[in-house]
Amino acid sequence: MDKYECPCGYVYDPAEGDMDNGIDPGTAWEDLPESWVCPLCGAEQEYFEKVD
């Protein structure tokens, strides 16, 4: 599964999820709820870019 990086440097890794915000490990980027934002800076998903 693809990782996505926020401009602030936070990387969303589907293998890890975001347990602090209720996102289970194994949750693909495409399956994140629309309300999920960067846990570090609050940026919306549209600002993230796929990590190669």
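A: Trp36 is a place to begin, because its relative accessibility of 5% puts it in the buried class (under 20% relative accessible area is buried, over 50% exposed and in between partly exposed, with a 1.4 Å probe and protein chains only). This is a predicted model, in which local features need pLDDT of at least 70 and side-chain atom pairs count only at pLDDT 80 or more, while totals for chains, interfaces and linings use all residues. Residues are numbered from 1 along each chain as its sequence is written, and side-chain values use heavy atoms, with hydrogens and water left out.

Q: OK, what is Trp36 in contact with, leaving aside neighbours within four places in sequence?
A: Counting heavy atoms within 4.5 Å as contact, Trp36 meets Tyr10, Tyr12, Asp18, Asn21, Ile23, Trp29, Gln45 and Phe48.

Q: How many aromatic pairs does a search of the whole structure find?
A: The search finds seven aromatic pairs, where rings of Phe, Tyr and Trp (its six-membered ring) pair if their centres lie within 6.5 Å, and planes under 30 degrees apart count as stacked, over 60 as edge-to-face and the rest as tilted. In one of them, Tyr4 and Trp29 have ring centres 4.3 Å apart and planes at 15°, so this pair is stacked. That pair links distant parts of the chain, with Tyr4 in strand β1 (residues 4-5) and Trp29 in the loop between β2 (11-12) and β3 (49-50), 25 residues apart. Strands here are DSSP runs of E with at least two residues, and helices are runs of H or I with at least four, numbered from the N terminus.

Q: And are Tyr4 and Trp29 buried or exposed?
A: Both Tyr4 and Trp29 are buried.

Q: What about the rings of Trp36 and Phe48?
A: Their centres are 5.6 Å apart and their planes stand at 50°, so that pair is tilted. Trp36 and Phe48 both sit in the loop between β2 and β3, twelve residues apart, and Phe48 counts as buried at 7% relative accessibility.

Q: Which residues do ring pairs link into a cluster?
A: The cluster is made of Tyr4, Tyr10, Tyr12, Trp29, Trp36 and Phe48. The largest nonpolar core has eleven residues, including Tyr4, Cys6, Trp36, Cys38 and Phe48, with such a core being a set of buried Ala, Val, Leu, Ile, Met, Phe, Trp, Tyr and Cys residues joined through side-chain atoms within 4.5 Å.

Q: Changing topic, what is the strand order in the open sheet?
A: The three strands run in the order β2-β1-β3, with antiparallel pairing, and two strands pair if DSSP finds at least two bridges between them. β2 and β3 stand at the edges with a single partner strand each, so one side of each has no neighbour in the sheet.

Q: How many disulfides are there?
A: The count is zero, taking a disulfide as a pair of cysteine sulfur atoms within 2.5 Å. For Cys6, the nearest cysteine sulfur is that of Cys41, 3.6 Å away. Cys6 counts as buried at 3% relative accessibility, whereas Cys41 is partly exposed at 45%.

Q: Where does UniProt place the feature "binding site"?
A: The unreviewed UniProt entry places it at Cys6, Cys8, Cys38 and Cys41; positions follow the numbering used here, feature names are shortened, and annotations may be inferred rather than shown by experiment. Although spread over 36 residues of sequence, these positions cluster in space, with a largest C-alpha distance of 8.8 Å.
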